[in-house]
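Have the sequence and the 3D view open as you read.

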Amino acid sequence: MKSLSAVLAVGTLITGIALPSLNPDAEPVSAATAGVSALQDVAQSYSSTDEIRAEIAPRGNFSATTPTEIDETRSRAVAAALAAGMPLGSAVEIPIAHQVVMPMAAGAYSFTDGFGASRPGRSHLGQDFAAPVGSPINAAMDGCVSRSTESYQGYGVTIQIESVIDGEAVSTVYSHMNYGTRAVQVGECVTAGQYIGDVGSTGYVFGSCLHFEVHVDSVPVDPMPWLSAHVG
């Protein structure tokens, strides 16, 4: 009788685990599924870097339907990706850019320090557009914002936008902007020519200007030849 009771007890236990639909108190997740989930959690690991760079891996559309749901879903996905040191493109579908425009209106600026100009310990990585404080700055092309901050090292108020154009991952960086004028936040997507903020003199800079950088596949390039080849 003891042996028979033990067999029945084991059989009942197995039924409760393997066939949750027959056990009204069981969670609707199998032990095998839980094990796979745990292995996936262990297998994933990421490292982060504070350098400006573009790493694009476009993903599919969000399943949310209303504008509010889409914004909330995007915000959660972006926060999780950036916290894990993952590229923005792992959380937001980066749009393909088909047009490039100058980041400031014609006649609103003059060129000062260019790419490669001497800087303490390094060379200048962008092109400066000298202009009065408050002059509007526009996104150079369609993309999504990966950085938007009131203080980024010597760059001061900075916005960084990730784009894909001609099959290449391109980051555009807009720095020395004026405090309190950033019009876009991380995770938001913009279109070419969209207003993103004002010229300022924040960070390590003499005078007011837009410091504009272009990084192609994580490598900084001279913005002027790149703009000449793409604007139009």
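## The model at a glance

Buried residues make up 34% of the 232 residues in this protein; buried means under 20% relative accessible area, exposed means over 50%, and partly exposed lies in between, with a 1.4 Å probe and protein chains only. This is a predicted model, in which local features need pLDDT of at least 70, side-chain atom pairs count only at pLDDT 80 or more, and totals for chains, interfaces and linings use all residues. Residues are numbered from 1 along each chain as its sequence is written, and side-chain values use heavy atoms, with hydrogens and water left out.

The secondary structure comes to 4 helices and 12 strands. Both are DSSP runs numbered from the N terminus: helices are H or I with at least four residues, strands are E with at least two. The accessible surface comes to about 12600 Å², and 57% of that belongs to carbon and sulfur atoms; such areas come from the Shrake-Rupley method with a 1.4 Å probe, and for residues only the protein chains shown count as cover.

## How confident is the prediction?

The average pLDDT of the protein is 76, and 62% of the residues score at least 70. The pLDDT is the predictor's confidence in each residue, from 0 to 100. Please take care with residues 1-62, where pLDDT stays under 50 and the model has 58 contacts beyond four places in sequence. Contact here means heavy atoms within 4.5 Å.

Among contacts between residues at least 6 apart in sequence, 64% join residues at least 24 apart.

## The nonpolar cores

Which residues touch the most other members of the largest nonpolar core? They are Ile159, Ile161, Tyr174, Ile196, Leu210, Phe212 and Trp226, out of 27 residues in that core. The elements giving two or more residues to this core are S7, S8, strand S11 (209-216) and helix H4 (223-230). A nonpolar core is a set of buried Ala, Val, Leu, Ile, Met, Phe, Trp, Tyr and Cys residues joined through side-chain atoms within 4.5 Å.

## The disulfide

The model has 1 disulfide, counted as a pair of cysteine sulfur atoms within 2.5 Å. The disulfide joins Cys144 to Cys189, with an S to S distance of 2.0 Å. The link is right-handed, with 85° about the S-S bond. Distant parts of the chain are linked this way, as Cys144 is in strand S6 and Cys189 in strand S9, 45 residues apart.

Are the two partners buried or exposed? Cys144 is buried, with a relative accessible area of 0%, whereas Cys189 counts as partly exposed at 35%.

## The salt bridge and its surroundings

The structure holds 1 salt bridge, defined as a side-chain nitrogen of Lys or Arg within 4 Å of a carboxyl oxygen of Asp or Glu. Glu150 pairs with Arg182, and their closest N and O atoms are 2.7 Å apart. Glu150 is in the loop between strand S6 (143-149) and strand S7 (157-165), while Arg182 is in the loop between strand S8 (168-177) and strand S9 (189-190), 32 residues apart. Glu150 is partly exposed, with a relative accessible area of 28%.

Thr149 is in strand S6. Leaving aside neighbours within four places in sequence, Thr149 is in contact with Gly156, Val157, Thr158 and Arg182.

Asp142 is in the loop between strand S5 (136-138) and S6. Beyond four places in sequence, the residues that Asp142 touches include Pro95, Glu162 and Val190.

Asp166, in the loop between S7 and S8, has a positive phi of about 55° although it is not a glycine. Asp166 counts as exposed, at 61% relative accessibility. Asp217, in the loop between S11 and strand S12 (219-221), has a positive phi of about 50° and is not a glycine either. Asp217 is partly exposed, with a relative accessible area of 43%.
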